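Visitor: I'm new to protein structures. Could you show me how to read a few features, step by step?

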Amino acid sequence: MRLLDRLAALLEGVTIAFDQLRANRVRAALTISGIAIGVFVVTVMSAAVHGINAGVARSIQAAGPTTFFISKWPGELVTCTGSSDSCPWRFFPPLTVDHARALERLPIVERAVADLGTQAAVSYGGIDLPSVRVGAYTPGWLEVSGTDVVAGRDFTARENAGGAPVVLVNEKLAERLFGDADPLGRVIRAGGQQMTVVGVFRTIATAFSEGEGGRVTLPFETARRKLGTDVSWMSITVKPRPGVARDAAIDETLTVLRGLRGLRPGQPNDFHLTTPDKVQAMYDKIVGAFFLVMIVLSAVGLLVGGVGVVAIMMISVTERTREIGVRKALGATKATILWQFLVEAATLTSIGAVLGLALGAAVSAIVRAVSPIEASIPPLAIAAALLASALTGVLFGMLPAVRAARLDPVDALRYE
């Protein structure tokens, strides 16, 4: 029976809260808007971060769980102070294509692909795109990148060796340059050089996967010879053969690469080896900054809403003093009055939370439609938003509720 009484009191409190909302629409709207803004910020940023996380995770996993990366720079966030001790990797000798070839000859390695990235202007007909991401690879890049060719073909080893002027474009760039026309065989200008499109590829869409105009892939030697791309910052992606443990492949790779670079026992590596786990950890650090901003902004919105709750509930207590006196005269206890006003405050903030979630869901759908970010609101964020808003109502509504509960029934009945 006690549970039923509680439910009845809860329902009564919610009903009274809606009556008060209708009676004081302006004050209620101001309070609800503060809560709604805070929840909206949490919802949109959570949806964006969740979508970016999913895309990055898929991109990292697409290369394979045993794949690892070798580069001149560390696979983590570092701060350079200007001294050689803070960032010694700046003075490391560059990796070379010969290093990649030597690693690919290892029996335990399936692929060792050299790659480098740059930006270039791309044009076709009257369309000029000033900034397009360009990826230059040695043969085998499809096997380590999680990319599929959906039309045409990949470049060949002979084309790479000869620096042939051939390129593959991703679907986004093909659509921007050629519309509905067949892109295969068409000649575009990339970095000021004429290139023939031999294929169209599809990438795993993430917030970081595409530049302003899409992506172009071309042979490594073509980038070096035709575009004059600086190859001193190239990296190598190593994919072990099926059944080979990643740690075993890493050990043998380190041994061979140290020998090729003339490092004696005891000397530190003059290169960095990064696993997908480290890449994910570095990314998580970056995302942590977004979460901090999200928490601060949402806290400001909830604080504004909470102050509004105090104001509107204090006014409500003053206006309903005689009502409180009547209820106490009829047997209502302090706990009953306290419970009623806390339920009203929580209802007020929960309405703001629902509006914020609805608006956040709409914006997330728009982001999903117009960008590669698969923004979606995680269930935990929904639960957290509703819980935080309800707690805000309870905490900020406590002072008015306590004041109402402490009113003397005789004085309350005499109140005008």
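This is a predicted model: local features need pLDDT of at least 70, side-chain atom pairs count only at pLDDT 80 or more; totals for chains, interfaces and linings use all residues.

Visitor: How many helices and strands does the chain have?

Guide: The secondary structure comes to 13 helices and ten strands. Of the 416 residues in the chain, 43% are buried.

Visitor: Now the rings. How many aromatic pairs are there?

Guide: The general idea is that two rings pair if their centres lie within 6.5 Å, and planes over 60 degrees apart make the pair edge-to-face. Here the count comes to three aromatic pairs. Take Tyr-124 and Phe-178: their centres are 4.8 Å apart and their planes are at 70°, which is edge-to-face.

Visitor: Which parts of the chain does the pair of Tyr-124 and Phe-178 tie together?

Guide: Tyr-124 belongs to strand β2 (residues 109–124) and Phe-178 to helix α6 (residues 171–178), so their pairing ties together parts 54 residues apart in sequence.

Visitor: And is Tyr-124 buried, partly exposed or exposed?

Guide: Buried means under 20% relative accessible area. Tyr-124 has 24%, so it is partly exposed, whereas Phe-178 has 8% and is buried.

Visitor: What about Trp-141 and Phe-201: how are their rings arranged?

Guide: Their ring centres are 5.6 Å apart with the planes at 85°, so this pair is edge-to-face. Trp-141 is in helix α4 (residues 141–145) and Phe-201 is in strand β7 (residues 193–202), so this pair joins parts 60 residues apart in sequence. Both Trp-141 and Phe-201 are buried. Ring pairs also bring in Tyr-137, making a cluster of Tyr-137, Trp-141 and Phe-201.

Visitor: Where does the charged end of Lys-72 sit?

Guide: Look over the ring of Trp-233: the charged end of Lys-72 is there, 4.3 Å from the ring centre.

Visitor: Last one, the helices. At what angle do α11 and α12 cross?

Guide: To read a crossing, look at the angle between the N-to-C directions of the two axes. For helix α11 (residues 334–370) and helix α12 (residues 379–405), the axes come within 7 Å and cross at roughly 145°. The crossing is right-handed.

Visitor: Which classes of residue make up the contact of α11 with α12?

Guide: That contact has 19 nonpolar residues, six polar and one charged.

Note on methods
Residues are numbered from 1 along each chain as its sequence is written. Side-chain values use heavy atoms; hydrogens and water are left out. Rings of Phe, Tyr and Trp (its six-membered ring) pair if their centres lie within 6.5 Å; planes under 30 degrees apart count as stacked, over 60 as edge-to-face and the rest as tilted. Helices (H or I, at least four residues) and strands (E, at least two) are DSSP runs, numbered from the N terminus. Buried means under 20% relative accessible area, exposed over 50%, partly exposed in between (1.4 Å probe, protein chains only). A charge sits over a ring if NZ of Lys or CZ of Arg is within 6 Å of the ring centre and within 35 degrees of the ring normal. Axes are lines fitted to C-alpha atoms, for helices over the stretch in contact, and angles run from 0 to 180 degrees between N-to-C directions. A crossing is left-handed if the near helix is turned anticlockwise from the far one by less than a right angle, and right-handed if clockwise. Ala, Val, Leu, Ile, Met, Phe, Trp, Tyr, Cys and Pro count as nonpolar, Asp, Glu, Lys and Arg as charged, and the others, Gly among them, as polar.
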